[in-house]
Amino acid sequence: MSKRKKAGDYLAAIAAGEPCSWRGLSKALGLEGMTVTDVRQVFRPADEAEDVGIVEVINSERLAFLQTIYPPSVDHHDRVSAAVAGDSHLQAVTGSLLVTDAPGWSEPQVAVCRDGLTWPAPPPGKTHLLLVENMQSFLAIDSTLAFLRSHCGWQVDSARTLVAFGAGNAAAKACHAVYYGQFEQVSCLFDVDEGGIRTYQTIRDNPQMPSGMRVSFLVPTDIQERLERSRWRLSEKERVSLRGLILKHPELQNVIQAMYNLGKKLEQETYLEGL
């Protein structure tokens, strides 16, 4: 699919004497607030019957002014070139960082990927990765693991567990799958809401994950009661989306059905209450 031209692209073509689409020019400048009359005070198609052709300039000073306002597009292929083009968010960062922690560590560590492909090996002995979506739960690592043992049937030895800060949807960044794939199992402690389930789905279905990799979504055994107490309500749009998620995630059917029936969702920080 060809990239949509902006007003500056048409202006550059006209200034260079190159043919361009009259309708495209009019539409692009129209999106910038110029009327058809405004456009015709500056330009005129050489042939009214043809859309693509040479566009005559009848007010060169006005053209020069428009070019200062609407520069041509700049090709971008990475974060740096996108920044030069005027919006770094047009391209994803090449690599990524994962902040990790484990019981007994004096402070967190950082796993660094600089090229989108190469990650360091997990710390020795760490075979199970626990992704924690929110910062508060990540910082309270001992309380979080205690909750998993008492309410989620968590039986993984702490000595084998590495905890990573998921940072919401950032946990599903494609290149992270290369790091996740070095573990025997990945468990997701995410908010019990549509976003948390979709992030889990993206991680599980990432084609870079090894075949047969076990990825699980952790839910408290008393989730029904917790949802009943929750003050966080689903929007109607979210409830409609949940109906489709039930079919995609039979392993989460009970929790999704409870969310739908009660019209509630749950933030994972509530798990720390009373701990």
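Trainee: What makes R239 count as lying over the face of Y260?
Mentor: In this predicted model, R239 is 4.2 Å from the ring centre of Y260. The cut-off is 6 Å, together with an angle within 35 degrees of the ring normal, so R239 is listed as lying over the face. K265 is handled by that rule too: its charged end sits over the ring of W232, 4.5 Å from the centre.

Trainee: Why is the pair of F147 and Y271 called stacked?
Mentor: The centres are 4.5 Å apart, with 5 degrees between the planes. F147 lies in helix α7 and Y271 in the segment after α12, so the pair ties together parts 124 residues apart in sequence.

Trainee: Why is the pair of Y200 and F217 called edge-to-face?
Mentor: The planes of Y200 and F217 are at 65 degrees and the ring centres 5.5 Å apart. Over 60 degrees counts as edge-to-face, so that is the name of the pair. Y200 belongs to helix α9 and F217 to strand β10.

Trainee: How do you know that Y200 and F217 are buried?
Mentor: Y200 has a relative accessible area of 2%, and F217 has 9%. Buried means under 20%, so both qualify.

Trainee: What makes β6 and β10 edge strands?
Mentor: In the open sheet, ordered β6-β5-β8-β7-β9-β10, β6 and β10 each pair on one side only. For β10, the pairing is with β9, through four bridges in parallel.

Note on methods
Residues are numbered from 1 along each chain as its sequence is written. This is a predicted model: local features need pLDDT of at least 70, side-chain atom pairs count only at pLDDT 80 or more; totals for chains, interfaces and linings use all residues. Side-chain values use heavy atoms; hydrogens and water are left out. Two strands pair if DSSP finds at least two bridges between them. Helices (H or I, at least four residues) and strands (E, at least two) are DSSP runs, numbered from the N terminus. Rings of Phe, Tyr and Trp (its six-membered ring) pair if their centres lie within 6.5 Å; planes under 30 degrees apart count as stacked, over 60 as edge-to-face and the rest as tilted. Buried means under 20% relative accessible area, exposed over 50%, partly exposed in between (1.4 Å probe, protein chains only).
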